[in-house]
Amino acid sequence: MVKIAPSILSANFLNLEKEINAAEKAGADMLHIDIMDGHFVPNITIGPFIVESIRKTTSLPLDVHLMIEEPDRYLMDFINAGADYLTVHYETSIHLHRTIQQIKECGKKAGVSLNPATSILCVEYILPDIDFVLLMSVNPGFGGQEFIPHVMHKITALKKFIRNKGLSTLIEVDGGIKLENAKDVVSAGADILVMGSAFFNSNDYRALIKKLRKNIGNR
Ligand code: DX5
Ligand code: ZN
């Protein structure tokens, strides 16, 4: 079954606990948390300290998306804060294999993210070691952007690439996903849908998830 991961980037941070609890009650499968450092991306968000607080208020798996330079410096902080899924960007990691090993040794799910312009071939030799690939369908840094149409082909190509290798690596897609395009994203091969603005800007999270599941054919 396709997993739905609301991104708290678009939540009301003054009511973060309420927002997270509402997302959980509405049927979200995991919680996507965007970590931005103002270097790799032009925006700054939150650090391990807040992730630790979030961990205390929900039993949802925490899907921590690191959009930071030198991710190795902070891996353990986010793992100790309670991350279950940890994603590093291909573009930020020099010793990607070592980084992934470290995440796996801690018993966490490891993902590699690719910016829209980064080729899927870049993950070829790390695919067997990771649990998922996070394809960015917007340029990372902000919520509320439009889905970049050609990423749809990238999802299809990656799915084929994974299958041809006999692997079961999951595909997570992040950026610009809404009710209207979710079906195509899933048909192309997505296993995890990140949804920020379309989720938290809706006024009924439960109804939204219900519609979403219907649109994607309960897959
Ligand atoms: C963007 C973030 C996304 C963002 C998605 O850099 O990685 O997770 O929250 O937001 P929407 O769904 O609004 O594009
Ligand atoms: Zn993200």
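Why is strand 7 (residues 170-174) largely enclosed by the rest of the structure? Four of its five residues are buried, so the rest of the structure largely encloses strand 7. Buried here means under 20% relative accessible area, with exposed over 50% and partly exposed in between (1.4 Å probe, protein chains only). This is a predicted model, in which local features need pLDDT of at least 70 and side-chain atom pairs count only at pLDDT 80 or more, while totals for chains, interfaces and linings use all residues. Residues are numbered from 1 along each chain as its sequence is written, chains are lettered from A and ligands numbered from 1 in the order in which they are written, and side-chain values use heavy atoms, leaving out hydrogens and water.

**Strand 7 and its neighbours**

- Helices (H or I, at least four residues) and strands (E, at least two) are DSSP runs, numbered from the N terminus.
- Strand 6 (residues 132-136) runs parallel to strand 7, and five bridges join them; two strands pair if DSSP finds at least two bridges between them.
- Val173 of strand 7 is the bridge partner of Leu135.
- Strand 7 also pairs with strand 8 (residues 192-195), in the parallel sense, over two bridges.
- On that side, Val173 has Leu193 of strand 8 as its bridge partner.

**Crossovers**

- A right-handed β-α-β unit is made by strand 6, helix 5 (residues 151-164) and strand 7.
- From strand 7 the chain passes through helix 6 (residues 179-188) to strand 8, and this β-α-β crossover is right-handed.
- Right-handed means that, with the strands pointing away from the viewer, the path from the first strand over the helix to the second runs clockwise.

**Zinc site**

- His32 (NE2), Asp34 (OD), His65 (ND1) and Asp174 (OD) coordinate the zinc ion (ligand 2) at 2.1 to 2.3 Å.
- Donors are N, O and S atoms within 2.8 Å of the metal (3.2 Å for Na, K and Ca); water is not among the atoms, so sites may look incomplete.
- The donor residues of the zinc ion (ligand 2) are spaced H-x1-D-x30-H-x108-D in sequence.
- His32 in strand 2 (residues 31-36) and His65 in strand 3 (residues 62-67) are 33 residues apart, and the pair links distant parts of the chain.
- His32 and His65 are both buried.

**Ligand 1**

- An oxygen atom of ligand 1 lies 3.3 Å from a polar side-chain atom of His32; a polar contact is a pair of N or O atoms within 3.5 Å.
- A polar backbone atom of Gly144 is 2.7 Å from an oxygen atom of ligand 1.
- For Gly176, a polar backbone atom is 2.8 Å from an oxygen atom of ligand 1.

Key:
Polar contact = N/O pair within 3.5 Å; in protein donor to acceptor, adjacent residues only side chain to side chain.
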